[in-house]
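Me: I am new to this structure and would like to learn how to read it, one feature at a time. Could you take me through it slowly?

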Amino acid sequence: MTSPAITDIDEALGFTIPGRHARGRLVRLGPVLDTILDAHAYPPAIEALLAEALTLTALIGSTLKDPSGQLTLQAQTQNGVVTLLVCDYRGGELRGYVQYDADKLAEAPEEPSLFALFGEGYLAITFDLANTNERYQGIVPLDGETLAQAAESYFVQSEQIPTLIHFGVARDAKGRHVAGGLFLQHLPEGEDGRERLHTRLDHPEWEHVAILGRTLGADELTNRDLSLETLIWRLFNEEDEVRVLARTSLHKGCRCDADYIASVLAKFTPEDRAEMADEDGMIQVGCAFCAQSFPVPAAAA
């Protein structure tokens, strides 16, 4: 008996519910998650945090209409276990990394809470819209128990948009990562929305959509054998109309480039480059996102 085909992996699928003035997005990550996480070999708690952050970044970033636009998610604290978490999305490409204090992590619970990881931290979400050269950023405290709750607070406080975000992260029987997420928003100004959305918080139809969204379990989101369309049908099959939008393929992407690094180093004086070089005359430039080192000859830079 053959195994069932893997369904809807490394994809985002959008949909709208015109009668409820709402839009949504479902994401499921697999090999992309493995590729990013395996490059870093983080401890389990940090790995789980980055997996959630990447899922959140894919959910929000894939709503951008501008294919060259970028969404950056950054969480930071001054004295927590995690000193910096950064993820971004551009044109279907995901990347991310975490900086953390190993000694503080060793003192934390095996499954630390968001507060245990960040303490008095904050979450910044930045939209860079290349087609209009505009940048929008909102910053909210890392309150609540999950990154999803912090992101919901961002949309309510910074954008005045009722939002529901839910995700799950797991490993399958073969040890592969799989993550899924649901993103729902209320758009009374039009089902397509805008890049910058402003809306009321008191529309009676939103609570109905949110209640249905909360019934979707993490086990369903991470089930490779359930298509994203099946999840939409399970949630909203009683609605008069649900419009499924085009899919977005997701993949690991990093914009580090040896030629670009060499061009940056060329701006330094020969004396400065000599000080940067190791005993073999190479300048080692590391990329935090992809965990790679790019050796550049000091004399050639």
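This is a predicted model: local features need pLDDT of at least 70, side-chain atom pairs count only at pLDDT 80 or more; totals for chains, interfaces and linings use all residues.

Me: How should I read a sheet, and in what order do the strands of the open sheet of 5 strands come?

Reply: Strands of a sheet pair through backbone hydrogen bonds, either parallel or antiparallel. Here helices (H or I, at least four residues) and strands (E, at least two) are DSSP runs, numbered from the N terminus, and two strands pair if DSSP finds at least two bridges between them. The open sheet of 5 strands has the order β8-β9-β2-β1-β10, with antiparallel pairing. Its edge strands, each pairing on one side only, are β8 (163–171) and β10 (243–249). Strand β8 is joined to β9 by 9 bridges, and in β9 the bridge partner of V169 is A179.

Me: Which strands make up the open sheet with mixed pairing?

Reply: That sheet has 6 strands, in the order β7-β6-β3-β4-β5-β11, with β7 (134–141) and β11 as the edge strands. Within this sheet, 7 bridges join β3 (residues 70–76) to β4 (residues 82–90), which run antiparallel, and Q76 stands opposite L84 in β4.

Me: How do I read the way a helix lies on a sheet, and which strands does α2 lie across?

Reply: Axes are lines fitted to C-alpha atoms, for helices over the stretch in contact (heavy atoms within 4.5 Å), and angles run from 0 to 180 degrees between N-to-C directions. Helix α2 lies across β3, β4, β5 (93–100) and β6 (122–129), running at about 35° to β4. Helix α5 lies across β6 and β7, at about 120° to β7, and α5 (residues 147–158) also touches β8 and β9 (177–186) of the other sheet. The two helices α2 (residues 44–61) and α5 pack at an angle of about 35°, with their axes 10 Å apart.

Me: Which residues are buried in α8, and why do they line one face of the helix?

Reply: An α-helix has 3.6 residues a turn, so residues three or four places apart point the same way. In α8, the residues L228, L231, I232, L235 and F236 are buried (under 20% relative accessible area, against over 50% for exposed and partly exposed in between, with a 1.4 Å probe and protein chains only). Seen down the axis of α8, these residues fall within an arc of 105° (taken from the directions from the helix axis to the C-beta atoms), so they line one face of the helix.

Me: Where is L250, and is L250 buried or exposed?

Reply: L250 sits in the loop between β10 and β11 (251–252), and counts as buried because its relative accessibility is 5%. Leaving aside residues up to four places away in sequence, L250 touches several residues, including D10, V27, A58 and Y89.

Notes: Residues are numbered from 1 along each chain as its sequence is written. Side-chain values use heavy atoms; hydrogens and water are left out.
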